[in-house]
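Okay, everyone, let me put this one up on the screen. I'll talk through the packing as we go.

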Amino acid sequence: MNQWNNFTKGFIKENPVFVLLLGMCPTLGVTSSAINGLGMGLATTFVLLMSNIVVSLVKGFIVIIAAFVTVVQLIMQAYLPALYKSLGLFIPLIVVNCIVLGRAEAFASKNNLISSAIDGLGIGLGFSFALVLLGGIREILGSGKIFDMTIYPENYVTLVFVLAPGAFIVLGYLIALISRIKKS
């Protein structure tokens, strides 16, 4: 049961974005669309999962994290060039993302392989969930689309939601909603 708690805590109880308020730079920078949020979230999940596994075994983590970020960067550049171009500088910044570094230091360096892998996957998927939710809401409100599917005509969009202020507005409402859900 403890393993399940390690996995699920990243979604609500210790969600890196909505509760711990970590990783705000990529959260606000790339979530102008759901696909960007999904891409960044999954890239970070991969780095978290692999880093936690190796850190739990080796206990030295900056070089390990940088190696996995490089793997993600090269794979995205080769197979997902449009997404890679859209995410730009935020991919190499995963190396210094406080979510990844924090989990390596606080959890993976002190726990076994299985617990560290489950923790990395749970926190990473919670981060992915937050980015896709934030990006999806911003994309729907700002362009009338989500994942390039039209939801409503462009005549009714509010452009501010795909701009930087929209990220702060939507994030604020989501943090308030998650806080309210946690108190219930």
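Before anything else, when I say contact or touching, I mean heavy atoms within 4.5 Å. And keep in mind that this is a predicted model, so local features need pLDDT of at least 70 and side-chain atom pairs count only at pLDDT 80 or more, while totals for chains, interfaces and linings use all residues. Residues are numbered from 1 along each chain as its sequence is written, and side-chain values use heavy atoms, with hydrogens and water left out.

Let's start with M76. Leaving out residues up to four places away in sequence, M76 touches G39, A43, P81, L83, Y84, L87 and I91. M76 also belongs to the largest nonpolar core; by that I mean a set of buried Ala, Val, Leu, Ile, Met, Phe, Trp, Tyr and Cys residues joined through side-chain atoms within 4.5 Å. Buried is under 20% relative accessible area, exposed is over 50%, and partly exposed is in between, with a 1.4 Å probe and protein chains only. The core has 37 residues, and the ones touching the most other members are F18, M40, V47, M76, L87, I91 and I94. Which elements give two or more residues to it? Those are α2 (24-30), α3, α4, α5 (81-87), α6, α7 and α8 (164-183), and α4 gives the most, with six. Helices here are DSSP runs of H or I, at least four residues, numbered from the N terminus.

Now the helix pairs. Two packed helices are described by the angle between their axes and the distance between the axes. Axes are lines fitted to C-alpha atoms, for helices over the stretch in contact, and angles run from 0 to 180 degrees between N-to-C directions. α3 and α4 pack at about 145°, axes 9 Å apart. On the α3 side, the contact includes G39, A43 and V47, and on the α4 side it includes F68, V72 and our friend M76.

How do α3 and α7 cross? Their axes come within 8 Å, at roughly 170°, so the two are roughly antiparallel, a label for angles over 145 degrees.

On to α6, residues 98-106: I99, V100, R103 and A104 are buried there. They span an arc of only 125° around the axis, so they sit on the same side of α6; the arc is that of the directions from the helix axis to the C-beta atoms. Their cover includes α3 (34-58), α4 (62-79) and α7 (113-143).

Last stop, N112, in the loop between α6 and α7. N112 has 46% relative accessibility, so it counts as partly exposed.

Notes
Angles under 35 degrees count as roughly parallel, over 145 as roughly antiparallel, 65 to 115 as roughly perpendicular and the rest as oblique.
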